[in-house]
Amino acid sequence: MSRTVIIDPVTRIEGHAKISLHLDGEGRLAGARFHVVEYRGFEKFCEGHPFTEMAGITARICGICPVSHLLAAAKTGDKLLGLTIPPAAQKLRRLLNLAQICQSHALSFFHLSSPDFLLGWECEPARRNLFGLMAADPDLARAGIRLRQFGQQILELLGGRKIHAAWAVPGGVRSPLSDGAKAWILERLPEARATARLALDRFKPLLAGPLQREQQLFGQFPSLFLGLVGVDGEWDCIDGQLRLIASDGSVLADHLNEDEYASFLAEAVEDWTYLKFPYYKPLGPQAGMYRVGPLARLNVCERIGTPWADAELAELRAHHGRVVTSSFAYHQARLVEIVACLEAIEQLVVDPDLQDRRVRLRGSLQCQEAVGVSEAPRGTLFHHYQVDDNGLITRVNLIIATGQNNLAMNRTVLQIAREFIPGPLAAGAEIGEALLNRVEAGIRCYDPCLSCSTHAAGQMPLRLQLVAADGQLLAERSRG
Amino acid sequence: MRAKGAVAASLVIGIGNPLRGDDGIGWRLAAGLAARPGLAVRCQQQLTPELAAELAAVERLLLLDAWLEPTDHRQLGQDRLLSESQPQFQPQFQQQYWQPVQRPLQLQEIGLPDRPGRSLQAWTGAAPWNGASHGLSPQALLALSQILFGQAPRTHQLLLPARCFGHGQGLSPSLARRLPEARRLITGWIAAREGAWAHA
């Protein structure tokens, strides 16, 4: 008799999901599924709206990374208008994205994930959160809060509000950097850098100690990696071109044109989840599985281009190899990217172009289809619009970072579950807290933002069930 | 945002979603406050941890939020996502079942224990942290501010009786009628501080 283990919902991720583990008739693990169980439908209800509204509308997809949709929508709008935006606007958008990545990574590392590392996997779940961290390491908790505040404040200084600021628009941005904003950023940068140093100093020693097993267990498998790189192969987060590499470091495709994404990416669907399964089309859904996000960006680039971040990247590669294949390393990659963002902000904020008042061009519709791409904190984000003669949207396709990691997330869950359920699971067996914690934490490596395809609502208690094929509840475990 | 070096004495935070009917009342009231020296205003969909750093720098805090109005019909009070189009909101139904409790609005002070240490439960009496990155209770946010940054402001909240949380920017008629009363209380809270300055 086959059975299913369900973890519903998964906690400390952005959104709502559940995990089910499927056992065969002999009680052996047969498969794992990461279910996204809510539907939002932005692609459909954007139809009929002017493309100029897309930045404002799609930013509402998420309260965590609205900037990512804002930028992708603005870039798509630039192309529909046939505009090359002013250099000041290009740099200001970059500054916005750097701040966004910084604050989002701070949220992921300090608020969501570090309690696992620093309090231990077996720590009582009610204490394994930011408040538990606050009690155990108040300096780190305080610094993490201040770092996220730093990134969010830059978003507010540029766009007038922390979330959903419709500041980037087709043709550029609405306003330059003010003197006051520049001064504030420069004043707070040293503290932000100190926080990044503190986090790295706390985290890296754990990799050779209590976190060794997780590095081998959490998504350690070969896959492809996709991300933007600059003209010389350097790390990039908004411009540049797409590069796809394999786990052995070979470049499978370079200078990929986002306008032709449908020729190299396909999206599979399953009837048990609302999250699609993008894959590299030439290799098919199995071999074409790829990962995006901070780890992918570090894997595809040659270098970052700033001294401290490059030193951290070298250390990461020295520990894991040139291409890092363990998804647990996403956490360290986030810290490296925080450093990269802070160094880039430091260089950028003193650029006089940022205070140039020529930040926006206006134009008329030049074409009826365009694709914009940007790097969201969680990975590459595609916006594809088709419009009619009046600029009204007739079709939208959004390929979200979390979706692109979907195949890898499912495989990660399976890998972890196999470790904790090595043999047949007897009927009525207790579901261990260790399995529960690791499976959730495995998903959390990817920092999935399910708000992009679901709605983050309500409390997030945890329920794990062992269910027989006939629906009989064999075992259950609840949390929260 | 405050100018560099300046510290606002008072902070008003409006909480809610302005696109979900009555839920946006706190946001709307906060957004409508005129700028004045010593007063900072924020509009938030939820209370998030990073606000703790800001709270530690102010003397007084006023939270404005929607509150699901209790009625004598139990089922009605259990669903925060009711909309005007649902049968519970049809006039006939309301006449029959809806008997809202019309209490005067008042500012409620949110107190914190004197020396609770670093246990969150000691601060709040419960665990308001659900593990997500947002959605802190006022007590949890104040605890965060006190524990991590050494101080928390004296805090009041004004809860406004709300009924309709469906899509839209409008307010239900019953809530709209309470706006003058709410504004008087907010103005009085702000003026209390300004009066203190005037007498200092």
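Trainee: What share of the 200 residues of chain B count as buried?

Mentor: Buried here means that 20 or more other C-beta atoms, placed from the backbone, lie within 10 Å of a residue's own, while exposed means 12 or fewer and partly exposed is in between. This is a predicted model, where local features need pLDDT of at least 70 and side-chain atom pairs count only at pLDDT 80 or more, but totals for chains, interfaces and linings use all residues. Residues are numbered from 1 along each chain as its sequence is written, and chains are lettered from A and ligands numbered from 1 in the order in which they are written. For chain B, the buried share is 38%.

Trainee: How many helices and strands are in chain B, and in which order do they run?

Mentor: Helices (H or I, at least four residues) and strands (E, at least two) are DSSP runs, numbered from the N terminus. Chain B has seven helices and five strands. From the N terminus on, their order is β-α-β-α-β-α-β-α-α-β-α-α.

Trainee: Over in chain A, which strands are at the edges of the open sheet of four strands?

Mentor: Two strands pair if DSSP finds at least two bridges between them. The sheet's order is S8-S7-S6-S11, with mixed pairing. S6 (residues 224-229) and S11 pair in the parallel sense over two bridges, whereas S7 (residues 241-245) and S8 (residues 251-256) run antiparallel, joined by three bridges. Pairing on one side only marks the edge strands, S8 and S11.

Trainee: Which residue in the turn between S7(A) and S8(A) has a positive phi?

Mentor: These two strands form a hairpin, with five residues between them. A:Asp248 lies in that loop. The residue with the positive phi, about 95°, is A:Gly249.

Trainee: Is A:Asp248 buried or exposed, and why?

Mentor: Count the other C-beta atoms within 10 Å of A:Asp248: there are 10. Because that is the count, A:Asp248 is exposed.

Trainee: Which is buried and which is exposed, A:His255 or A:Asp447?

Mentor: Both have a positive phi although neither is a glycine: about 55° for A:His255 and about 50° for A:Asp447. A:His255 is found in strand S8 of chain A, while A:Asp447 is in the loop between helix H16 (433-444) and strand S15 (462-468) of chain A. A:His255 has 11 other C-beta atoms within 10 Å, so it is exposed. With 29 C-beta neighbours inside 10 Å, the buried one is A:Asp447.
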